[in-house]
Amino acid sequence: MTALNSPRPAPPTAPRPRCAVLGSPVAHSLSPVLHRAAYDALGLDWRYTAIDCRAEQLPRLVGELDDSWVGLSLTMPLKYAALDLADAVSEHAAVTGAVNTLVRANGRWEGANTDVAGLVAALEHLAPPRVDGALLLGAGATACSALAALHALGARNVDAMVREPARAARLREVAARLGLDLRVHTLDRAGRLAAGAALTVSTLPPGAADALARDLARPGAALLDVVYGVAPTPLVAAVTARGGRAVDGLPMLIGQAAVQIAMMTGRTEPVTGAMRRAAAAARARPAGVGDVNMPSLQGS
């Protein structure tokens, strides 16, 4: 029998909740900066890291996560692979076939696509309340999400410019699900198509759209470039120099992260201001942001 004056064992404590952004490459990601700023604003002692992970590694990595793991943000090339790991998916994830968020609930992984909400938020900086048509650059997972965002803003037809039309199969499938009239063109038609476009969305990776900047830049142009590195991107700089309106991908990134944070934490207080300030500070630093690692997957 334990004596009354013997020290009692400390009660068990819940593990510190953990989340991460996964992708490859992921060193450039601002997600750790944004999520940590939100946790600070919410008064949460949560951990958020960046983990380099390729598509073929994702099933094993997710399968090894212990109960301290609450949610994952997925970036390229994982958004299609994550769909197969979700026990349930949101409407936007089902329509686009892409998952950028996995949240653990009752032992199950729920998949969502918050990129659509982020794109809508970014486009609201540029577009009128309703958009009839648009020009879209790219055919990857973010382009599929852009179709859903444009549809949400009322678009009925979209001209997509891709490097290889044969790679636009997923884009065509998403357009069909949404009831959008999609016309696919090669990138060499940029100048001709941009002249008649009220709104352009570039989902091409960093540097891939730079050669098109001259064709896309014109007075009155409205353009969203999803690249969010050093501001302004060459595409944004070219458009604004010609008297157009353009934003980079930071408003999209913050918008989608805000939805992720609400899903993962269950907290709905505004955190976008804190994230904007943290992103501005990170951009001002000469060194890269994001702590890429392969930490222990067990709680700590």
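Student: First up, is Asn 106 buried or exposed?
Tutor: Asn 106 is exposed, with a relative accessible area of 83%. On that scale, buried means under 20% relative accessible area, exposed means over 50%, and partly exposed is in between, using a 1.4 Å probe and protein chains only. A word on the source: this is a predicted model, where local features need pLDDT of at least 70 and side-chain atom pairs count only at pLDDT 80 or more, while totals for chains, interfaces and linings use all residues. Residues are numbered from 1 along each chain as its sequence is written, and side-chain values use heavy atoms, with hydrogens and water left out.

Student: Thanks! Where is Asn 106, and what is its phi?
Tutor: Asn 106 sits in the loop between strand 5 (101-105) and strand 6 (108-112). Its phi is near 55°, a positive value in a residue other than glycine. Helices (H or I, at least four residues) and strands (E, at least two) are DSSP runs, numbered from the N terminus.

Student: Changing topic: which peptide bond at Pro 25 is cis?
Tutor: The one from Ser 24 to Pro 25, with omega near 0°. Pro 25 lies in the loop between strand 1 (18-23) and helix 1. Another cis peptide bond joins Met 76 and Pro 77, with omega about 10°. Pro 77 is in the loop between strand 3 (69-74) and strand 4 (88-89).

Student: OK, helices now. How do helix 1 and helix 10 pack?
Tutor: Helix 1 (residues 31-42) and helix 10 pack at an angle of about 50°, with their axes 10 Å apart. That makes helix 1 oblique to helix 10. Here, angles under 35 degrees count as roughly parallel, over 145 as roughly antiparallel, 65 to 115 as roughly perpendicular, and the rest as oblique. The axes are lines fitted to C-alpha atoms, for helices over the stretch in contact, and angles run from 0 to 180 degrees between N-to-C directions.

Student: Which residues of helix 1 and helix 10 meet?
Tutor: From helix 1, Ser 31, Leu 34, His 35, Ala 38, Tyr 39 and Leu 42 meet Leu 253, Ile 254, Ala 257, Gln 260, Ile 261, Met 264 and Thr 265 of helix 10. Contact means heavy atoms within 4.5 Å.

Student: Thr 265 is in that list. What does Thr 265 touch?
Tutor: Not counting residues up to four places away in sequence, Thr 265 touches Tyr 39, Leu 42, Leu 44 and Trp 46. Thr 265 is buried, with a relative accessible area of 17%.

Student: Last one: at what angle do helix 4 and helix 5 pack?
Tutor: Helix 4 (residues 115-123) and helix 5 (residues 141-152) pack at about 60°, with their axes 8 Å apart. Helix 4 and helix 5 are therefore oblique to each other.
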